[in-house]
Amino acid sequence: MIFHTTNFLKDLPNTFVKMDIWQKCLFLVTTLFFTLLFAENFILSRSFTTLQLREIDDLAFQIILREIHQDFSSFHLDRIFRMNYYGYGWSFWIIVSVITYPLYLFGQLSGFFMPLILMPRMLSLAFVVGTTILVYKSLSFYSKNEFLKFIAVVLLLSFPAFGNSALYFRTTAQVMFFSALTFYLAITRENYDKKDLKKIAL
């Protein structure tokens, strides 16, 4: 994974040069857009006090997350296997809590909880980036006109709820990503076997 990422970064200047004007515009616009969201996540995740400036749900979810981490530390397996806070489902909470548990331990040792607050939002941002890529790839299946794809993606980015979903600790970004993935998998094959249908169903 690291090897592929390194190669991608090395090839990026050459890839950018080979792009046409609308591909370059789209690359610059999306890079700026996600950089601003990345920075905003940092600014509004500095502390639990700052967290309240966003929305009460974010603070409530962080409290639940810390309770789950405490259950991990206390080996309260009965509570761990019954997680379904706010109706988000066990899968959502177990994945997020496992990913963030080392950051919880780090916060307990250092008193610095910003990484713990930040990580769920960065997960949402990653899913929004993935959704944008899938939308572009789906558009490419229907049209080779880069101008039309540029307009379509910019319209998507300009929809307030789309960018907003990258800034919150919720399931919205994940739902968008897996919806876009399902659509992409559905349109890229003329014939499907059972394995394909299982992927789409998942």
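Which residues do ring pairs link into a cluster? In this predicted model, F61, Y88, F92, W93 and F169 are the residues joined in this way. Residue numbers start from 1 along each chain as its sequence is written. Because the model is predicted, local features need pLDDT of at least 70 and side-chain atom pairs count only at pLDDT 80 or more, while totals for chains, interfaces and linings use all residues; side-chain values use heavy atoms, with hydrogens and water left out.

Rings of Phe, Tyr and Trp (its six-membered ring) were taken to pair if their centres lie within 6.5 Å, with planes under 30 degrees apart counted as stacked, over 60 as edge-to-face and the rest as tilted. This rule gives 19 aromatic pairs. One of them joins F61 and W93 edge-to-face, at 5.9 Å centre to centre with 85 degrees between the planes. This pair links distant parts of the chain, 32 residues apart: F61 belongs to helix α4 (residues 56-74) and W93 to helix α6 (residues 90-110). Helices here are DSSP runs of H or I, at least four residues, numbered from the N terminus. F61 is buried, with a relative accessible area of 1%, and W93 is buried at 0%; buried means under 20% relative accessible area (1.4 Å probe, protein chains only).

F72 and Y101 have ring centres 5.3 Å apart and planes at 80 degrees, so this pair is edge-to-face. Here too distant parts of the chain are linked, with F72 in helix α4 and Y101 in helix α6, 29 residues apart. Both F72 and Y101 are buried.

Charges also sit over rings (NZ of Lys or CZ of Arg within 6 Å of the ring centre and within 35 degrees of the ring normal). R66 lies over the face of F113, 4.6 Å from the ring centre, and R170 lies over that of Y168, at 4.6 Å.

Note on methods: Helices (H or I, at least four residues) and strands (E, at least two) are DSSP runs, numbered from the N terminus. Buried means under 20% relative accessible area, exposed over 50%, partly exposed in between (1.4 Å probe, protein chains only).
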